[in-house]
Every structure is written in structure tokens, then in C-alpha cells.
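Subject: Structure handover

Hi,

Here is the structure for you to open. My notes follow below it.

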Amino acid sequence: MSWPYGAAAFKVATAVLRGLAPPPELKPSEWAEQSVHIPIGNAIPGLISFDNAPYQREPLDLTIDPTCERITLKWGAQVGKTQLALCAQAYRITEDPVSQLMMQPSEGDLQTWLTTKFNPLVEANSELEATIATPRARKGVNNTRMKSYPGGWLMFAWSGSPKTQRGRSAPFIVCDETDGYDRTAEGHPVGLLWERANTFGDQRKLIEISTPTVKKISWIDHAYEQGDQRQFHVACPHCGGVQTLEWSNVKWDKDADGNHLPETAYYECRTDGCVWSDTDRYYAIRNAERLGHGWKAKKPFRGHASFHLSGLYSCFVELQKIVRSFLDKKAANDIQTFVNVTLAEAWEEEAEKVEADALMARAKPMPAKIPAGVALQTCGVDMQEDRLELERVGWGLGEESWSLDTQVFWGDPLKPEVWAQLFEYLDQTFEHETGAKMRIAATCVDTGGSGGLTQAAYEQLRGKQRRNIFAIKGGKGWDKPIASAPSKSRSGKRGRPVTLFTLGVNDAKLVVLRRFLQEKPGPGYCHVDIERDPEWFQQLTAERLVTRFVKGFPVREWKKTRDRNEALDCRVYAYAALKILDPNIPLRMRRLKPAPETRDASEKVGEPTMEVSKKPSKTRRRRARRPRGRGLGSNIKAR
């Protein structure tokens with residue numbers, strides 16, 4: 001029997017009736033395994049199954065539990081937190097319609113999520129596609145700001161834009177990567193959205209998802225502590241001991257020379273020391289709930305369920321890959337990324353514990369020539385009202401560094417004389433242990449100051465970028481690049497512009513001071529001459545990283561413990577010069593190696609012997625091509 005008013009009217013009527021229907025009996029996890037198709041291009045496309053990720057079921061089902069109003073996921077990489085949120089949003093569109101709000105850290109993050117996650121999911125699921133309004137249709141909305149459907153709409157926002165947050169509220173809120181949000185003068189964006197949802201009473205629901213960042217600063221870490229703190233428990237396939245998966249129980253072997261062998265990685269049972277292969281680990285995760293284990297809370301549930309899950313629970317990543325990631329991050333002195341992203345743990349800062357006395361105790365004699373481990377040199381220059389201060393730093397493999405020299409050029413930076421001294425120093429060549437002559441590869445010069453100092457620096461540094469002498473200024477905020485892309489800047493209306501690099505000073509200071517904490521030479525280690533003036537060590541450690549609270553929210557900032565900190569600034573600028581240059585350090589090291597000895601003094605280095613000389617290659621005669629005519633004269637022969 002055909003619908004008398006046409007197919008379009010039937011579709012509208014069906015959608016309206018769906019919106020008026022009572023809530024479905026299927027749990028979101030059951031519905032997803034029957035209805036949601038993973039788009040092609042993912043690891044396992046097709047109908048979704050939680051068998052490889054059973055830990056997703058409980059938090060997903062809580063999204064419709066009336067006793068739960070807030071769900072916190074402090075989860076690591078490769079465990080499916082984004083897919084879980086997508087399933088929850090799709091369920092609230094087709095099965096239990098309600099208005100929603102989705103927030104990302106930035107507009108770019110939102111567009112990436114729409115392009116790579118949400119839109120492909122909609123296109124792969126016909127029911128979802130049919131429910132959401134058609135783009136550019138007369139009824140309903142479907143664009144990059146909002147998507148409507150019978151019974152509600154899904155609106156988008158990002159933390160960097162207060163306009164996308166003001167006046168917007170919904171009972172169902174998903175906040176992704178909350179630790180990447182920019183706090184506003186009013187407070188944290190998640191807290192603001194949550195407060196605005198109060199008008200919906202018991203219907204409001206918040207899902208907040210993120211990998212953590214720094215202890216006391218991380219929003220998701222603090223939110224997890226506020227909840228009931230659930231952890232996923234598994235049973236040992238050999239002895240049955242119940243436990244959570246911890247990084248400290250991941251083991252691997254080394255060879256006779258002490259080299260790590262990540263391919264030998266295994267998991268050691270916390271109960272009886274049983275050795276697990278990847279297959280054992282997958283089995284323990286997949287069967288945890290069937291054996292009566294799975295999620296267990298540390299604290300009583302009072303409407304806020306919080307979940308912690310590390311990358312060790314992924315059934316798609318082998319242990320050897322996790323170990324390789326750890327070793328790579330360790331070699332790059334970036335353990336924090338591994339702790340945050342893979343282990344889903346907040347990083348505890350240690351930079352505030354750097355002491356001048358400890359650094360002086362580790363100083364050693366420095367050779368007169370540039371040490372063999374140095375591949376290139378950079379300089380950092382700090383500008384003061386009566387002088388320019390400089391540190392020359394040598395860099396080796398893994399950004400191991402040598403503090404080669406410090407200089408103070410006395411004079412008024414408003415006058416050219418002191419700048420002439422600086423440029424004369426930067427034009428020098430220095431002798432390397434290999435006998436090579438080494439110039440300074442790049443220099444960063446501070447341009448901050450008052451009383452005309454900034455414009456004077458611009459005037460002196462204009463055109464110097466071709467000599468890799470870069471004008472810089474310090475930027476604000478955290479999680480910024482050490483050196484951002486350059487821009488043209490001028491001081492005053494009549495000042496001529498100069499190419500200026502903006503530095504992520506906060507993050508750079510953190511990297512520098514962390515590296516001075518290292519006690520063993522190798523990647524990231526900082527070598528200092530024992531003859532260095534003690535005042536230099538005091539200046540290097542003149543700042544401490546502190547946490548203060550602004551309107552109830554923790555804020556990290558650097559505080560001086562003494563007036564002078566030029567040594568720290570110079571080292572930060574020298575490090576920024578390295579980042580701007582972005583050199584191939586291994587290649588530079590190879591070029592510095594002395595030429596191998598030849599068997600015959602008369603034999604020229606690098607020339608092949610008679611036995612291995614190459615045969616002359618054949619040359620192909622190229623045929624001259626007649627040029628074509630163009631435009632109106634295409635019928636005229638080329639002369």
C-alpha cells in the first residue's frame with residue numbers, strides 16, 4: 001500500500017513519530033553493535049563490535065542512565081575514546097533524540113573531527129544519514145555550526161571562541177580533549193557549559209574526554225579525582241590473579257652490549273610473575289567482564305562516574321610498539337608525552353627543583369677546542385639597557401649540548417657600537433677537535449625592551465636573517481611551539497618592519513631546565529665548564545615554576561627568585577635558534593669526521609681505484625622539440 005501524500009511526506013511523518021516514541025529498550029552498546037558501521041579507512045571497518053574493547057560498554061551505557069549525570073574518561077591513545085563518544089552522539093540522534101553540544105579545543109580541531117570522524121560515520125550509516133537534515137535543505141540545518149534532526153540538534157563550539165559558547169546550552173554535552181582548552185576570563189569552558197546546562201535539571205549529561213597533561217593543571221585529571229575513580233581489572237590467563245595493567249610490569253631484554261630489545265617485550269603478572277604474551281594480554285582484556293571483573297570503583301558513586309584507562313589495554317597495539325615508543329620518547333627527552341598520551345597519567349613537574357649547587361657539582365673541564373660530539377653551534381643573545389649578553393652552545397646527537405662560551409658586550413643598545421661588537425663575535429670561526437673550522441650556525445637575539453630598545457634592535461637586525469641572525473620576542477601561554485613561523489613586525493608608526501620569530505618561552509624554559517636535571521651524558525644532557533662563573537649557575541636557576549589559582553583554576557607560571565636571569569634567557573634563545581634552523585645533526589656529524597687514511601700518499605682521497613672505476617655511461621641524444629604557438633597566434637610557426 002502506497003502512502004497517499006508521497007514519499008517525502010512519509011519520511012517527515014516517520015521522523016516525527018520517531019521523536020515522539022518512548023525511549024528504546026536497547027542499551028546504547030547493544031544498539032551500536034546492531035546498527036553502527038565503522039567507515040572504510042579505519043582499522044576494522046564494518047559493523048562495530050566491542051569484543052576487542054569491552055571497556056567501552058559500561059561508560060557508553062551510562063550515557064542514558066538517569067542516576068549518572070557526569071562521565072569522565074581519562075583515557076590514553078588507541079583505546080577508542082573518540083568512537084565511544086560518536087556512538088553516544090549517534091544514539092541520541094536516532095534512538096533517544098535530545099539536543100546536544102560538541103566542543104573541541106579549536107576551530108581547526110572541530111573541522112578535523114567533522115571531516116575525519118563525524119561525517120564519515122554519518123555517510124556509513126544510512127539511518128543516521130536519513131535522520132539528520134539534508135545540507136542546504138529548506139527545513140532543518142546541516143552545516144559546520146549545527147546539524148538538526150527530529151527531536152533536537154547537534155551544535156558545535158570550540159574553546160578558543162567565546163562567541164561559540166555564549167548563549168548556548170544543551171542537556172547532552174560532549175567535551176573532547178579538555179586539557180587542550182583555553183581558559184577564559186570567566187573560567188574553564190567545560191565548567192561554563194556545565195553550569196549553563198543547569199536549566200535542564202536531571203536531564204543534563206556531561207561526557208568529558210582527554211589525555212591528561214600536568215599534575216594540578218590537568219582538567220581531566222582533576223575531574224577523574226572528583227569521580228568514583230574506576231579502573232579496569234583483568235585476570236591472569238595462567239594463575240587467575242586479578243589486577244590492573246601497569247607500565248611497571250612491562251619488561252624486555254637487552255643484548256650483551258646493553259642495547260634494548262623491544263621485540264622481546266612481555267607483561268609480567270603482578271600476582272605470581274607469570275609471563276604474558278600479547279595473546280595472553282588480549283585474552284585477559286576480552287574476557288574480563290565474562291569472568292566477573294572489568295570496571296571497579298575506588299570511591300562511592302554519587303552521580304559522577306570517572307574512568308582511567310591506559311594504552312596497555314589496547315588490543316590493536318603490540319607491547320613491542322609501546323616499548324619502542326617509550327624508548328624513542330626517552331631518547332628525545334620527551335617522557336612526558338609517553339606518560340600523558342600512552343599511560344594516561346598526569347605528568348609531575350620536576351623543573352622547579354633545579355638547584356645551582358647541584359649543577360656546579362656536575363661541571364667538568366672543557367677542552368679548548370670544540371668537543372668532538374658537537375655538530376653545530378648556536379647563540380642566544382639577551383638585550384639589557386646597558387649591554388648585550390650571549391651564550392654560545394654546541395649541539396650534538398639527541399640535542400646533547402655543550403656550553404662553550406659566555407660574553408657580555410657593554411654599551412648602549414640604542415647606539416651601533418655595541419651591536420658591532422656582537423656581529424664581530426658572530427662572524428668568527430672556531431676550531432673543532434677534528435681540525436675543522438666551525439662557524440656559528442644560527443643566533444637568536446631578544447628584541448624586548450622599553451625606551452626605544454625594541455626599535456633599535458629591529459634596525460640593527462633588519463636584513464640579518466640571511467646570516468641566520470634572527471630577531472625574536474617572547475610569546476605568552478603554554479603548549480606553544482618553541483619557535484613559531486616568522487612574521488613582519490615594526491615598532492612605532494614610522495619604524496621599518498623586521499622579520500620576527502615568536503617563542504614559546506614557557507615551554508622552552510621547561511625543556512631547558514629539565515635537561516639540566518639529567519645526570520648522565522647522552523641525548524639531552526648539558527655539559528658545562530668547571531671554570532664557569534658561579535653567578536652563571538645562579539642566573540640559570542633564577543626562576544621557579546609555580547602554580548597559583550585564578551578564579552579557582554590553577555595556572556602555571558614562572559616566578560623569579562632573584563633579579564638576574566640572563567643566563568636562562570640566553571640558553572632558551574640558543575635553543576630556539578636550533579629549532580628555527582632545524583638541522584640534520586647526524587649528517588653534520590658525518591661531515592665532521594676526518595677523511596680515512598689512504599694506502600698510497602699519492603692516491604687522491606675519494607677517487608676510485610682502477611679496479612672499481614666506473615664504465616662511462618651512455619648518453620641519449622635529445623630530440624629538439626618544436627615550440628608550440630599560444631593564444632591568437634597558435635597558427636603561426638615559431639621562428
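In which helix is Asn119 found? Asn119 sits in helix α5, which covers residues 107-124. Please keep in mind that this is a predicted model.

Is Asn119 buried, exposed or partly exposed? Asn119 has a relative accessible area of 27%, so it counts as partly exposed.

Next, the surroundings of Asn119. Setting aside neighbours within four places in sequence, Asn119 is in contact with Leu114 and Lys147. Pro39 is 80 residues from Asn119 in sequence. In space, the C-alpha atoms of Asn119 and Pro39 are 9.7 Å apart.

Now to the surface. Arg588, Arg590, Arg591 and Lys593 form a positive surface patch. One of these, Arg590, lies in helix α18, residues 585-592. Arg590 is exposed because its relative accessible area is 52%, and the cut-off for exposed is over 50%.

Finally, the protein chain as a whole:

- The secondary structure comes to 18 helices and 26 strands.
- The chain has 639 residues, and 48% of them count as buried.
- Among contacts with a separation of 6 or more, 69% are between residues 24 or more positions apart.

Best wishes

Conventions
Residues are numbered from 1 along each chain as its sequence is written. This is a predicted model: local features need pLDDT of at least 70, side-chain atom pairs count only at pLDDT 80 or more; totals for chains, interfaces and linings use all residues. Side-chain values use heavy atoms; hydrogens and water are left out. Patches are made of residues with over 30% relative accessible area and no salt bridge: like charges are joined within 9 Å, nonpolar side chains (Val, Leu, Ile, Met, Phe, Trp, Tyr) within 5 Å. Accessible areas come from the Shrake-Rupley method with a 1.4 Å probe; for residues, only the protein chains shown count as cover. A salt bridge is a side-chain nitrogen of Lys or Arg within 4 Å of a carboxyl oxygen of Asp or Glu. Lys and Arg count as positive and Asp and Glu as negative; His and the chain ends are not counted. The place of a charge is taken as NZ of Lys, CZ of Arg, CG of Asp or CD of Glu. Helices (H or I, at least four residues) and strands (E, at least two) are DSSP runs, numbered from the N terminus. Buried means under 20% relative accessible area, exposed over 50%, partly exposed in between (1.4 Å probe, protein chains only). Contact means heavy atoms within 4.5 Å.
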